[in-house]
Amino acid sequence: MSTIAPGSPPSSPVISLENFHFEYAEADVIIRSSDSYEFRVLKIYISHSSPVLRDQVAAISFPQWQSGVNISAGTSLPVVQLFDSGAVLFSLLTYIFPVPPVLPSTVEHTIELLSAAQRYRMDAILTHVRNHIAQQEPPFIREENSFLVFSLARNRGLNQEALRAARSSLKLPTFTIDVLEERLQLISCASLYALWRYRQKFQQNLESLLPDFVASSGRKTLKGSGRSGCTGPAASGIPGWLDRYISLIGRTPSHFSLSMFYAALRNHVRSSSNVIRDRCHHCATIDIPALWAALSAMYDDSVSEVRESDSI
Ligand SMILES: [Zn+2]
């Protein structure tokens, strides 16, 4: 078995993404994947990165070494058999050893990587992987893959990713069988119900925050913006078009966008301006950036108030 001479650092590993090759010349343990990829690496890095793997490495006794795999004539190494795939383990090793980190190429493997780091209690590496994922462009979790990520992450207890996927799913236009038909193949009934509950909770939060919005931000933004009040006020005290727009966001959060907000305002102002003198001067002079900022704050609060324990 090769060993590292005292005081001399190990050589750099030879790695290749193409065939998931990862090998140290001074390797003293083999990590074997579920699909029989073998990674010849150094125990010390593995043990320092994970208390779970440290115990597994330590548990390998000499008799078991005999069934290890030769890496050169006359030598054998202890083998740690893991249940993760070669693609996932290769990626995980790039976060453990001093080499450029490599994220998996698929959503499924990326979730498996996060799951492995969590399962092996690699807290620092889990943070590192999440930070790396956060730098991806386009973002790892998007509206179009939100169902898949939510389902995978929820099944593996990755609450952060499940919650982010649930938030992203709010951008889906509607939550009906017709529109979701293709996505339903990606998600279990339990996960679908959890997503539906998430939307319900979001809507409840939005409704509960509306009175505060009307009393503070909204009123402040709308006040003094015209010579007279809105030509179509709602009972809540804000212009009717804005009241209807907020209700619409509650039912279909995908309508929360600056362009749709502006369209709602423009339609109101235009509908009142067929006869110039009847035009709603109040809403025509609204400070759009300030009102949008206030609305955005209410939307963000409604989203962030949905805790993991509520539905995920
Ligand atoms: Zn108006």
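This is a predicted model: local features need pLDDT of at least 70, side-chain atom pairs count only at pLDDT 80 or more; totals for chains, interfaces and linings use all residues.
User: Where is P233 found?

Analyst: Residues are numbered from 1 along each chain as its sequence is written. Helices (DSSP runs of H or I, at least four residues) and strands (E, at least two) are numbered from the N terminus. P233 sits in the loop between α11 (217-222) and α12 (240-251).

User: Which residues does P233 touch, not counting residues up to four places away in sequence?

Analyst: Two residues are in contact if their C-beta atoms, placed from the backbone, lie within 7 Å. Leaving out residues up to four places away in sequence, P233 touches P239 and G240.

User: Which is P233: buried, partly exposed or exposed?

Analyst: A residue is buried if 20 or more other C-beta atoms lie within 10 Å of its own, exposed if 12 or fewer, and partly exposed in between, with C-beta atoms placed from the backbone. P233 has 15 other C-beta atoms within 10 Å, so P233 is partly exposed.

User: How are α10 and α15 oriented to each other?

Analyst: Axes are lines fitted to C-alpha atoms, for helices over the stretch in contact, and angles run from 0 to 180 degrees between N-to-C directions. Helix α10 (residues 189-215) packs on helix α15 (residues 288-304) at an angle of about 140°, with the axes 8 Å apart. Angles under 35 degrees count as roughly parallel, over 145 as roughly antiparallel, 65 to 115 as roughly perpendicular and the rest as oblique. The two helices, α10 and α15, are therefore oblique.

User: How many charged residues are in the contact of α10 with α15?

Analyst: On the α10 side are F202, N205, L206, L209 and F213, which meet A294, M298, D301, S302 and V303 in α15. Ala, Val, Leu, Ile, Met, Phe, Trp, Tyr, Cys and Pro count as nonpolar, Asp, Glu, Lys and Arg as charged, and the others, Gly among them, as polar. The contact of α10 with α15 holds seven nonpolar residues, two polar and, as for charged, one.

User: Which handedness does the crossing of α4 and α5 have?

Analyst: The axes of helix α4 (residues 86-96) and helix α5 (residues 107-119) come within 9 Å and cross at roughly 60°. A crossing is left-handed if the near helix is turned anticlockwise from the far one by less than a right angle, and right-handed if clockwise. For α4 and α5, the crossing is right-handed.

User: Is F20 buried or exposed?

Analyst: F20 lies in the loop between β1 (14-16) and β2 (21-23). Though not a glycine, F20 has a positive phi of about 50°. With 20 other C-beta atoms within 10 Å, F20 is buried.

User: Which peptide bond is cis, with omega near 5°?

Analyst: Look in the loop between α6 (123-134) and α7 (146-155), the place of P138. The cis bond, with omega near 5°, runs from E137 to P138.
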